Amino acid sequence: MKVIQTGIEGVVIIEPDVFGDERGYFFESYSQARFDAMVRPVRFVQDNESKSKRGVLRGLHFQKGADAQSKLVRVVRGRVLDVAVDIRRGSPTFGRHVAVELTEENKRQFFVPRGFAHGFSVLSDEAVFQYKCDNLYAPHSEGAIAWDDPDLGIDWRLDPAEVLLSPKDRMHPRLKDAPELFDYHTDYYA
């Protein structure tokens with residue numbers, strides 16, 4: 001497994017060692033011991049999967065306070081652009097984002113720590129997206145920021161006319177107007 005650092009501390013891309021031959025391929029998609037040693041200790045407690053069609057954009061979501069979540073995400077079918085936005089007030093990278101293309105071919109994974117908003121856009125006809133979370137889903141702690149916030153400057157690689165959003169994802173505030181975010185010094189390693 002190879003861990004690739006990004007421009008934001010704690011946000012990493014993981015490339016597994018894939019062993020293939022004429023029969024197909026094999027790779028270890030997760031090892032607690034290797035993840036703890038090479039990324040950081042995290043105890044994942046929930047796995048989720050979604051299926052979406054081209055143009056779907058989910059995000060930018062997070063959970064607040066004691067219910068905050070780190071996520072380890074990957075694509076098992078199709079292709080997405082996955083994005084993490086630093087929403088830790090006081091962070092030297094506050095408001096910056098990292099975007100990575102995750103595909104069934106590259107088998108990359110993306111680690112999004114607590115203190116970040118997360119979202120993805122579907123670039124293939126269909127995508128199956130899986131993610132591990134280190135905290136349970138808590139609807140009362142949901143938060144989000146607008147996917148199209150001009151201050152973030154995210155290129156979702158979709159024509160805005162083809163973006164498909166849930167009704168809830170159409171109504172999120174811009175980052176500068178978001179009422180509850182994270183504090184860089186207290187919430188990052190919670």
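Trainee: Before we look around, what is a cavity, and how many of 30 Å³ or more does a search of the whole structure find?

Mentor: A cavity is a set of grid points where a 1.4 Å probe fits but cannot get out. Keep in mind that we're looking at a predicted model. Searching the whole structure for cavities of 30 Å³ or more gives a count of 2.

Trainee: Which residues line the largest cavity, and how many of them are charged?

Mentor: This cavity has a volume of about 60 Å³. Its lining is made of M1, I14, E28, S29, Y30, S31, F35, L72 and Q109. Sort them by class and you get 5 nonpolar and 3 polar residues, and the charged count is 1.

Trainee: Which element gives the largest share of the lining of the second largest cavity?

Mentor: The second largest cavity holds about 40 Å³ of space, and its lining consists of H61, F62, Q63, Q69, K71, V112, P113, F116 and H118. The largest share is 3 residues, and it comes from β6.

Trainee: Now the largest pocket: which element supplies the largest share of its lining?

Mentor: There's about 600 Å³ of space in there. Of its 28 lining residues, H61, K71, Y131, Y137 and E142 are the closest to the centre. Strands β5, β6, β12, β13 and β14 each supply at least two lining residues. The largest share, 6 residues, comes from β6.

Trainee: Are D86 and R88 buried or exposed?

Mentor: Their side chains meet in a salt bridge, 2.7 Å from N to O. The cut-off for buried is under 20% relative accessible area. D86 sits at 0% and R88 at 2%, so D86 counts as buried, and R88 is also buried.

Trainee: How many residues apart are E101 and R157, which meet in a salt bridge?

Mentor: The N to O distance in this bridge is 2.5 Å. E101 is partly exposed at 24%, and R157 is partly exposed at 43%. E101 belongs to strand β10, while R157 is in the loop between β14 and β15, so the bridge links distant parts of the chain, and the separation is 56 residues.

Trainee: In the salt bridge between R174 and D149, which residue is buried?

Mentor: These side chains meet at 3.5 Å, N to O. Both residues lie in the loop between β14 and β15, so the pair ties together parts 25 residues apart in sequence. R174 has a relative accessible area of 27%, so R174 is partly exposed. At 3%, the buried residue is D149.

Conventions. Residues numbered from 1 in each chain as written. Predicted model: local features only at pLDDT ≥ 70, side-chain atom pairs only at ≥ 80, totals over all residues. Heavy atoms only, no water. 1 Å grid on protein atoms, 1.4 Å probe; cavity = no way out; pocket = protein on both sides within 12 Å on 5 of 7 lines; lining within 4 Å. Points joined across faces, edges and corners; volume = space filled by probe spheres on them. Helix = DSSP H or I, 4+ residues; strand = E, 2+ residues; numbered from the N terminus. Nonpolar A, V, L, I, M, F, W, Y, C, P; charged D, E, K, R; others polar. Salt bridge = Lys/Arg side-chain N within 4 Å of Asp/Glu carboxyl O. Buried < 20%, exposed > 50% of the residue type's maximum accessible area, 1.4 Å probe, protein only.
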